[in-house]
Amino acid sequence: MPDLEGFTLYHRTGRDVRGDRLLPLNALRETWPDVYAREVRKYDGREALRDSVLPDLACGWGDVLFLSPVDPGPLLDVLRAAGHAAPPVRFWTLPAAALDPEHARVLLPRPWPGGVFQPHAPDDLQPFTRDVLAGACVPPAATLARLRALPPGAPLLLWSDVPHVLYRGSLPLSLLREVRR
């Protein structure tokens with residue numbers, strides 16, 4: 001078991017939290033179909049991404065939770081400094097050590113030229129280890145530059161090009177703590 005003490009993962013809080021577990025998209029389809037119908041719209045025009053398979057985790061894209069090792073505070077600070085109205089946002093935090101490393105991988109960012117999804121290469125998914133996580137918890141320079149250059153009125157896509165931790169399964173809400181950034 002890798003030593004992951006000291007690393008924090010982030011997930012934007014849900015709008016309509018139900019039950020006692022944080023569920024991946026495909027589990028929402030069965031458990032809370034109305035929530036699934038709302039959340040699956042995030043993939044409109046990106047169905048290839050939604051339907052992609054993650055062989056390392058033996059599941060589909062919709063079967064994992066997406067957590068980020070990057071603190072959203074500095075990302076939001078860059079947006080605010082660039083003149084964008086970014087009110088405080090609620091996030092859940094989770095100690096990285098709470099995850100089973102066999103069910104987790106770190107997805108390294110791949111540029112989306114012109115905002116178009118590029119399929120992931122096998123080496124984009126890295127093991128969930130202390131060394132990989134240490135390199136993934138710093139906001140990428142390209143992400144900070146993108147956020148600084150966003151024109152007024154553009155969608156404030158905070159997470160599209162930051163590292164993520166993909167976790168196969170669900171998590172008890174009792175493990176999560178809320179913070180505002």
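**Ground rules**

I am working with a predicted model, where local features need pLDDT of at least 70, side-chain atom pairs count only at pLDDT 80 or more, and totals for chains, interfaces and linings use all residues. I number residues from 1 along each chain as its sequence is written, and my side-chain values use heavy atoms, with hydrogens and water left out.

**Entry 1: the chain as a whole**

I began with the secondary structure and found 6 helices and 11 strands. Both are DSSP runs numbered from the N terminus: helices are H or I with at least four residues, strands are E with at least two.

Next I looked up the radius of gyration, taken over C-alpha atoms. A compact globule of 181 residues would have a value near 16 Å, and the chain agrees with its 16 Å. The rule behind that expectation is 2.2 Å times the number of residues to the power 0.38. Along the principal axes, I read a C-alpha span of about 40 × 40 × 35 Å.

I then checked contacts, meaning heavy atoms within 4.5 Å. Among those between residues at least 6 apart in sequence, 76% join residues at least 24 apart.

Of the 181 residues, 40% count as buried. Here buried means under 20% relative accessible area, exposed over 50%, and partly exposed in between (1.4 Å probe, protein chains only).

**Entry 2: the open sheet**

I followed an open sheet of 3 strands in the order β1-β6-β11, with antiparallel pairing. β1 (8-12) and β11 (177-180) are at the edges with a single partner strand each, so one side of each has no neighbour in the sheet. From one strand to the next, the twist averages 40°. Those angles run from 0 to 180 degrees between N-to-C directions, with axes as lines fitted to C-alpha atoms (for helices, over the stretch in contact).

Two strands pair if DSSP finds at least two bridges between them. On this pair, I found T93 opposite R177 in β11.

**Entry 3: salt bridges**

I counted a salt bridge when a side-chain nitrogen of Lys or Arg is within 4 Å of a carboxyl oxygen of Asp or Glu; the structure holds 11.

R15 and E39 form one of them, at 3.5 Å from N to O. R15 is in the loop between β1 and β2 (21-22) and E39 in helix α2 (residues 33-39), so the pair ties together parts 24 residues apart in sequence. R15 is exposed at 66% relative accessible area, while E39 is buried at 13%.

E39 also meets R38 in a salt bridge of 3.0 Å, N to O, and R38 is partly exposed at 22%. Stepping back, I saw R15, R38, E39 and K42 linked in a network of salt bridges.

My last stop was D77 and R80, whose closest N and O atoms are 3.7 Å apart. Both lie in helix α4 (residues 72-81), 3 residues apart, about one turn of the helix. D77 is partly exposed at 47%, and R80 is partly exposed at 29%.
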